[in-house]
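The following note sets out numbered comments on the model shown below. Please read them with the sequence and the structure side by side.

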Amino acid sequence: MVGTILLFVLLALVVVIVAMSVKIVPQQEVGVVERLGKFHKLIKPGLNVVIPVIDRVRKVLDLRIQQANVPPQTVITKDNVQVMIDTIIFYQVVNPEQATYGISDYVMGVRNISTATLRQVIGKMELDETLAGRERISAEIRVALDEATEKWGVRIERVEVLDIRPPEDIQEAMDKQMKAERSRRAIILEAEAAKQDMILRAEGQRQSAILKAEGDREARIREAEGLRQAQELEAAGRAEAIRLVAEAERQRIEQLKQAGLDENILSYKSFEALMEMAKGDANKVFIPSSALETLGSLGAMADVLKTKKGD
């Protein structure tokens with residue numbers, strides 16, 4: 001009976017020792033093992049065996065990127081305006097041993113340094129610079145944290161300024177200023193649009209006047225060209241008519257010559273032809289001075305011929 005009890009106690013003791021010896025570490029975590037109170041080793045993700053009582057897992061650290069929300073801080077700007085700033089910090093443990101023994105609580109240390117640095121940075125900036133300087137604020141806080149956390153085995157990945165809230169009266173004044181600025185821009189844009197409209201209208205009228213003048217000029221040119229061509233055709237027609245009449249008269253005189261008539265009769269007939277040609281309004285006949293004597297004799301001949309016809 002006693003032996004059975006001792007056996008069960010021994011088995012229970014073995015189970016407890018095995019349970020204390022086996023340590024399972026999740027993925028992306030690492031355990032810091034101390035042996036007799038002194039750092040011994042780091043146990044990695046998976047199944048690990050330690051010596052009970054002698055070895056102790058001091059802390060299990062998460063190696064993933066973590067975030068620390070810094071409580072909203074009321075800080076004073078260079079121009080004595082109180083603003084509420086809310087920030088968040090992303091960090092990662094890169095050296096578990098330093099993170100365990102370099103500082104008691106690195107998360108609290110990151111928050112405290114962030115708060116102190118934030119007050120220093122904002123104290124050098126005016127309100128307008130603060131509202132527009134999120135990147136500058138984040139960069140300066142990160143630089144200050146990097147210098148401090150390098151000895152803690154912690155790396156600062158990113159610092160973000162979530163919100164910057166000025167006092168309500170300042171916010172109202174800024175809203176009024178923004179509305180006034182928008183109204184001013186709207187008026188300027190409206191005036192610019194009206195000016196552009198007037199410019200476009202004037203340009204359109206100018207182009208219309210130019211096109212109209214061009215059309216009138218082209219119409220006058222074509223009208224003058226048509227008139228000129230009509231006059232040329234009319235003059236050509238008249239010249240052709242005169243040529244045809246002269247040709248017919250020449251042929252008639254040739255026939256008279258062939259009929260055996262003398263020169264005086266032919267001259268008289270030519271004179272009659274010239275008189276017929278000169279009857280038109282637009283026809284002018286120029287007689288050289290040397291032909292006047294001949295014309296005089298032709299007049300006498302005409303009287304003789306008339307007398308003969310009377311007999």
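1. Two strands are taken to pair if DSSP finds at least two bridges between them. Helices (H or I, at least four residues) and strands (E, at least two) are DSSP runs, numbered from the N terminus. On this basis, Ala 68 has Ile 89 in β7 as its bridge partner.

2. The model is predicted: local features need pLDDT of at least 70, side-chain atom pairs count only at pLDDT 80 or more, and totals for chains, interfaces and linings use all residues. Residues are numbered from 1 along each chain as its sequence is written, and side-chain values use heavy atoms, with hydrogens and water left out.

3. As to confidence, pLDDT (the predictor's confidence in each residue, from 0 to 100) averages 79 over the protein, and 82% of the residues score at least 70. Confidence is highest in β7, at 89, and lowest in helix α8 (residues 292-310), at a mean of 49. Where pLDDT is low, the predicted coordinates should not be read in detail.

4. The protein has eight helices and eight strands. Three strands form an open sheet in the order β6-β7-β8, with antiparallel pairing. Because β6 (66-76) and β8 (154-165) stand at the edges with a single partner strand each, one side of each is left without a neighbour in the sheet. On average, neighbouring strands of this sheet are turned by 20° against each other, direction ignored.

5. Between β6 and β7 (residues 82-93), which run antiparallel, there are nine bridges. Helix α3 (residues 106-123) packs on the sheet and touches β6, β7 and β8, its direction making about 35° with that of β6. Helix α5 (residues 134-149) also packs on the sheet, touching β7 and β8, and its direction makes about 145° with that of β8. Axes are lines fitted to C-alpha atoms, for helices over the stretch in contact, and angles run from 0 to 180 degrees between N-to-C directions. Contact means heavy atoms within 4.5 Å.

6. Leaving aside neighbours within four places in sequence, Val 22 is in contact with Leu 47 and Asn 48. The C-alpha atoms of Val 22 and Ile 51, 29 residues apart along the chain, are separated by 8.8 Å.

7. Overall, buried residues make up 23% of the 311 residues in the protein.

Conventions
Buried < 20%, exposed > 50% of the residue type's maximum accessible area, 1.4 Å probe, protein only.
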